[in-house]
Amino acid sequence: MKLAHLPLRVSIGAYFLNSGLGKRNLEGAAAEGMHGMAVAAMPQLAQLDPPRFAKLLSYSEIALGAALLAPFVPAPLVGLGLTAFGAGLVQLYLKTPGLREPGSIRPTQQGSAIAKDVWLVGAGLTLVLEGLTHGRRRR
């Protein structure tokens, strides 16, 4: 892991790890609410029941957080994971009614909490691009 990646990877990795650990035992209305919001953006997720969806989301966040924190996981690889996860959250933001102002991509007050996840895409792409171009500069 490059020293310059350390602040980004530790801060986002710790956040994802904590978020995933917090969702491990999510059940009932909390799991149903999270599942319902995800299904509205990605209908194929309706195939999963809410508790299973919550578990898979939890495990995904734990795995991504651990990968970000592990110094031996290459930046482009962990960046791809972060970009994919962030892109899913951006899709959720764009497809969920009430999160954006009518006719705009600007968030409503309710949408601000999810709209900020575009930063995850930017951070992930930064790790991917910097990791892929770094080796070319040395040659």
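Reply: Fine. One term before we start: contact here means heavy atoms within 4.5 Å. Also, this is a predicted model.

Me: OK. Leaving aside neighbours within four places in sequence, what is His 5 in contact with?
Reply: With those neighbours set aside, His 5 contacts Ala 75, Leu 127 and Glu 130.

Me: Which side chain does the His 5 side chain make a polar contact with?
Reply: That of Glu 130, at 2.9 Å.

Me: Where does His 5 sit, and is His 5 buried or exposed?
Reply: His 5 is in the segment before helix H1 (6–22). Its relative accessible area is 9%, and the cut-off for buried is under 20%, so His 5 counts as buried.

Me: Switching to H2. How many residues does H2 have, and how far does H2 reach?
Reply: H2 covers residues 28–41, which is 14 residues, and spans 20 Å from first C-alpha to last, close to the 20 Å expected.

Me: Which residues in H2 are buried?
Reply: Ala 31, His 35, Ala 38 and Ala 41. Viewed down the H2 axis they fall within an arc of 120 degrees, so they line one face of the helix. Ala 29 and Glu 32, on the other side, are exposed.

Me: And what covers the buried residues of H2?
Reply: The cover includes helix H3 (50–69) and helix H4 (75–95).

Technical notes
Residues are numbered from 1 along each chain as its sequence is written. This is a predicted model: local features need pLDDT of at least 70, side-chain atom pairs count only at pLDDT 80 or more; totals for chains, interfaces and linings use all residues. Side-chain values use heavy atoms; hydrogens and water are left out. Helices (H or I, at least four residues) and strands (E, at least two) are DSSP runs, numbered from the N terminus. The expected span of a helix is 1.5 Å times one less than its number of residues. Buried means under 20% relative accessible area, exposed over 50%, partly exposed in between (1.4 Å probe, protein chains only). The arc is that of the directions from the helix axis to the C-beta atoms. A polar contact is a pair of N or O atoms within 3.5 Å; within protein, one must be able to donate a hydrogen and the other to accept it, and residues adjacent in sequence count only if both atoms are side-chain atoms.
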